[in-house]
Amino acid sequence: MNAIERLGPRLLERLPAAVQKPSYDRAVLSPGMAHLGVGAFHRCHQAEYTDDLLSRRFDRWGIVGINIRPPALAETLGRQDGLYTRLIRENDDVEARVIGSIVKVVDSQDSAAPALEVLVSADIELVTMTVTEKGYCHVPSTGALDLDHPDIVHDLANPEAPRSVPGILTRALEQRRATHGPKLTLLSCDNIPTNGVILENVVRSFAERRGNGLADWIAANAAFPSAMVDRIAPAVTQDDLDSVKRRFGYRDAAVAVGEPFRQWVIEKKFAGRMPRWDLAGATFVDDVTPFEHLKMRVLNGAQTTLATLGVLAGLEHTSDAIADPLLSVFVRRMLVEQTLPTLMPVAGMNPSAYVEQSLGRLKNTAIRHRNHQIATDGSQKIVQRLLNPIRDRLNLGASIGLLSVPVAGWMAYLILASARFGKRWPVSDPYAGKVAAIADETGHDARALASAILAIDTIFDPGLAADETFRQAVTSALGELLSGDPMAAVRHSLEQDEVARLKRSKQSAL
Ligand code: CS2
C-alpha cells in the first residue's frame, strides 16, 4: 500500500503552502494550442509562461501536449490531469509551483493518428513545438529539407501515415484545408537560428512534393514565426522526483526543474490570435535574429564548449566544468574576445553584461545539467553555436583560435566513442556512426581525421571547410584533445591567443 497521494486536481486544494498553484479555474480552461514535444524544457518554459498568462488574463489557451517520440505521457502527466510541479533551483534555494496550463496529453508514438486528430481540430489555433534540432529533418549546413532522411523518404511514400515532424505537420495542414479549418500559426521553440524559416522551409518543401496546390494553400493560411527561447532545464532525474515527495509529501511523476532565468522573444507574425505572453514577460518583436545570435552564440556556445571539453576533462556537469579554473578562463576569453564582436546590436541588451550573466547561470550548482546531455546531437548544434561565429570572424580576417577548440572538442567527443578509440562513452548524435566509421578507418592521424570530418558538407559548408586557418586550428586542437593530456589544447590555444594579442597591440602602438 502506498499512502502518499499523487498530484492531481483533488490534491490542488490541499497543497502545502510552500507550493504555489494556479489562480484560475482549470475546470473551465479549454484547449487553444497544441504542443509537440512535452519535455522538461516545455514544462519549464512555455507551459509556465502560459500559466502566468492565464492567471493574468484568462483566455481559451489551454495546451494539449503531444509526444510523437518517447517518453509516453499517459502514465505521468496523463494520470495527473496535466498537472506537475515546476521547481526553480538556484544553489540552495528552491521555489515550487504547480503548473495548470496543460489540459490534456496525447501519446502518438506508435502512429500519427492521435496527434493528427488534435492538430486538425478547429479549436487549435496555434501549434508550438520543441522537437529538438534534429526533429526538423533539415540539413544543418543549409537549412533545406533533408530528402535522404529515412523518415522523410518514408513520409513522402506514405503521407497518410507520417512519422516525421514535417510529414505530420504537412498532413495536418492538408487535412485542415480539406475541412476548411481556420488559419494556423506554427511556432518553433527549438534552438535553431531562424527556426520559423527552417520550419516553413521543411513544411513547404514537403508540401511541394505532395503537389495539388498544398504549398500555396499553406503559404496563404499558415504563419511560421521565429522565436528565441531560453531557460536551462536539464533532463529530470529520479532524485528530482524524490525531492518533491520528501519536501512536500506528495508524488509527482512529471516534475520539471529549471533555473530562475527565463526569456522568450517571439516574432510578431501570427496567422490568427496571439496569446498575450507579453503579459507574462515574453517580448514580441519584428526580428528575432539579433536575440537568437546572442543566445545561441553566447549561452549555448558556452554550454557546448563546457560540455565537450568537460567530458574530455572527466567532468560530469556544466557547473563542474565552469568551476575548473582553466575551462572557466577559456570560455570567458572565447566569448568576450571572439564571440562578442560577431554579434549584432540587440535592443535593450548589453552584450558584455549578457556574457557575465550567462556564465553566472552556468555556475548554478543546483542545476545538474550533464555534459553528456548537452553534447548529445552536437552535429545539430555546432553550426549555430560555433561555426557561424567562426565564419563571421574569418570574413573579417579576425582570429578564430579559441572558437576552433570546441569544434575539435565535438569531433574528439565522437571519435573517442568509436571502437578504434576504445568506446570511451555512449553517444547519441545522428552523425555518430559516420564519425565512428571515419575514426575506425583513419586511426590516430589528427590531420586525416579532421580532414575527413570537415568534408561532411551537411555540417561544414564547403567554403568554411576549405579555409586553411580554420583547418589548421581544428587539426592542431584535435591532435591535442586526442592525446593523453586533452587540456593541453585549451592551454595552448590560450597561449597562442595571448601571443597574437600582444603582437596586435604592439602593431597598433607603432
Ligand atoms: C542545451 C540547451 O542541451 C542543450 O543543447 O544547450 O538545452 C540549453 O540549456 C537551452 O537552450 C537553454 O535555454
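Me: By class, which residues does the lining of the largest cavity have?

Reply: The lining of the largest cavity has four nonpolar, one polar and three charged residues, where Ala, Val, Leu, Ile, Met, Phe, Trp, Tyr, Cys and Pro count as nonpolar, Asp, Glu, Lys and Arg as charged, and the others, Gly among them, as polar. This is a predicted model, in which local features need pLDDT of at least 70 and side-chain atom pairs count only at pLDDT 80 or more, while totals for chains, interfaces and linings use all residues. Residues are numbered from 1 along each chain as its sequence is written, and side-chain values use heavy atoms, with hydrogens and water left out.

Me: Which residues line the largest cavity, and what volume does it have?

Reply: Its volume is about 70 Å³, counted as the space filled by probe spheres set on grid points that are joined across faces, edges and corners. The lining consists of R89, P234, A235, T237, D240, V257, A366 and R368. On a 1 Å grid over the protein atoms alone, a cavity is a set of points where a 1.4 Å probe fits but cannot get out, a pocket is an open set with protein on both sides within 12 Å along at least five of seven lines, and lining residues have an atom within 4 Å of a point.

Me: And what about the second largest pocket, how much space lies in it?

Reply: About 310 Å³, and of the 18 residues that line this pocket, I400, G401, T469, A473 and Q496 are the closest to its centre.

Me: Switching topic, how is the chain divided?

Reply: There is a domain 1 (5-285) and a domain 2 (289-509), with bounds that come from an automatic or database domain assignment. Their centres, taken over C-alpha atoms, are separated by 30 Å, and 29 residues of domain 1 are in contact (heavy atoms within 4.5 Å) with 36 residues of domain 2.

Me: Which residues of the largest nonpolar core touch the most other members?

Reply: Those are M411, I415, F460 and F470, in a core of 90 residues; such a core is a set of buried Ala, Val, Leu, Ile, Met, Phe, Trp, Tyr and Cys residues joined through side-chain atoms within 4.5 Å, buried being under 20% relative accessible area with a 1.4 Å probe, protein chains only. This core draws at least three residues from each of domain 1 and domain 2.

Me: What does I415 touch?

Reply: Leaving out residues up to four places away in sequence, I415 touches F421, V435, A439, L449, I453, L478 and L482.

Methods: Buried means under 20% relative accessible area, exposed over 50%, partly exposed in between (1.4 Å probe, protein chains only).
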